[in-house]
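User: I would like to learn how to read a protein model, one feature at a time. Please give me the general idea, then the case at hand.

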Amino acid sequence: MARYERIADQVRNEIRNGELKVGDFLASEASLAKSFEVSPGTVREALRLLVSDGTLSGRRGARKTVLRIPRPASTQEEFRSFAQWATAHGRQPGGRVVEQQWQIAGEETGSAIKVDPRSRVLRVLRVRSLDGERVMVERTSYPERLGILVESMPPDLESVTRELADVHDIVFAGADHVFSATVCGQQDAALLGVARGRPLLRHLRVSRSAAGEPLEVSEDRYLANILSVAVSNGRNVNAIGWLSAGESGWL
């Protein structure tokens, strides 16, 4: 880790433990450089990092102020996988394949995972659970080379993502996400054991390798009282994008 990154982490920790509070001014760059025994340029890089993640204000020529308390850094597993996120939070994940079949990708799926729309993909319908309670219906499409691997996996496998990484060295390194609200239809109601019309959190996801290769496209539907989404943004960093009806965010 570079020196400026360690300084940024130290400032984040000072905010988390209350030494610096939201609205407080930071010391000047010169004072911080003296305190950390580094050059002003190194401090400037650390502050730029904190501005970019929304922790500090970023007005040019003004002293930096604390905008928010940084959240603890997410683990890679928390970001990439439902099952690994659950395990990291002391929950017991589960899953059951209801149906899987090879289908022609079609224009929408082909565009999302960058394959010929005439090629075949493996579409998998799963019910996911937390601590034995059904919480989510997952509809995932894999390109052929991954589908061949996924097809042979046990139907009650806890984490397909982890299996692909551990056994086949296929690592999910990032994803695009779109969240919206929907209601429970007939099939989802039957799979989740709830009444039709119940609110659901709809999560569309395209996952990618470190090289940017699409690995899957999925539509997950969560019971709305189970999970929510937390995103931090600010003037200088904004990971939130508003979409109009019909837009997917990646197609």
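This is a predicted model: local features need pLDDT of at least 70, side-chain atom pairs count only at pLDDT 80 or more; totals for chains, interfaces and linings use all residues.

User: How many helices and strands are in the protein chain?

Analyst: The protein chain has nine helices and six strands. Of its 251 residues, 39% count as buried. The protein chain exposes about 14000 Å², and carbon and sulfur atoms supply 49% of that area. Among contacts with a separation of 6 or more, 59% are between residues 24 or more positions apart.

User: Which residues have the most contacts inside the largest nonpolar core?

Analyst: In soluble globular proteins, nonpolar side chains tend to be buried together. Here the largest nonpolar core has 17 residues, and those with the most contacts inside it are Leu-26, Leu-47 and Leu-56. Helix H1 (3-16), helix H2 (29-36) and helix H3 (40-52) each give two or more residues to this core. H3 supplies the largest share, five residues. A second, separate core has eleven residues, including Leu-122, Met-153, Phe-172 and Leu-215.

User: What does Leu-56 touch, leaving out residues up to four places away in sequence?

Analyst: With those left out, Leu-56 touches Leu-26, Leu-47, Leu-50, Val-51, Lys-64, Thr-65, Val-66 and Leu-67. Take Thr-65 from that list. Thr-65 is found in the loop between H3 and helix H4 (76-80). Not counting residues up to four places away in sequence, Thr-65 touches Gly-23, Asp-24, Phe-25, Thr-55, Leu-56 and Ser-57.

User: Is Thr-65 buried or exposed, and why?

Analyst: Thr-65 counts as buried because its relative accessible area is 16%, and buried means under 20%.

User: Where is Val-43, and what does Val-43 touch?

Analyst: Val-43 is in helix H3. Val-43 counts as buried because its relative accessibility is 1%. Not counting residues up to four places away in sequence, Val-43 touches Glu-29, Leu-32, Ala-33 and Val-38. Distance in sequence and distance in space are separate things to read. Val-43 and Tyr-4 are 39 residues apart in sequence and 6.4 Å apart in space, C-alpha to C-alpha.

User: How is a pair of aromatic rings described, and which residues form an aromatic pair here?

Analyst: A pair of aromatic rings is described by the distance of the centres and the angle of the planes. The count here is one aromatic pair. Phe-82 and Tyr-222 form a tilted pair, at 6.2 Å centre to centre with 50° between the planes. The pair links distant parts of the chain: Phe-82 is in helix H5 (residues 82-88) and Tyr-222 in strand E6 (residues 214-223), 140 residues apart. Both Phe-82 and Tyr-222 are buried.

User: What sits over the ring of Trp-102?

Analyst: The charged end of Arg-120 does, 3.8 Å from the centre of the Trp-102 ring.

User: Which residues have a positive phi although they are not glycine?

Analyst: Most residues other than glycine have a negative phi. Lys-114 has a positive phi of about 60°, and Asp-131 has a positive phi of about 50°. Lys-114 is in the loop between helix H6 (106-113) and strand E2 (120-130), while Asp-131 is in the loop between E2 and strand E3 (133-143).

User: What is the accessibility class of Lys-114 and of Asp-131?

Analyst: Lys-114 is exposed, with a relative accessible area of 55%. Asp-131 is partly exposed, with a relative accessible area of 45%.

Definitions and conventions. Residues are numbered from 1 along each chain as its sequence is written. Side-chain values use heavy atoms; hydrogens and water are left out. A nonpolar core is a set of buried Ala, Val, Leu, Ile, Met, Phe, Trp, Tyr and Cys residues joined through side-chain atoms within 4.5 Å. Buried means under 20% relative accessible area, exposed over 50%, partly exposed in between (1.4 Å probe, protein chains only). Helices (H or I, at least four residues) and strands (E, at least two) are DSSP runs, numbered from the N terminus. Contact means heavy atoms within 4.5 Å. Rings of Phe, Tyr and Trp (its six-membered ring) pair if their centres lie within 6.5 Å; planes under 30 degrees apart count as stacked, over 60 as edge-to-face and the rest as tilted. A charge sits over a ring if NZ of Lys or CZ of Arg is within 6 Å of the ring centre and within 35 degrees of the ring normal. Accessible areas come from the Shrake-Rupley method with a 1.4 Å probe; for residues, only the protein chains shown count as cover.
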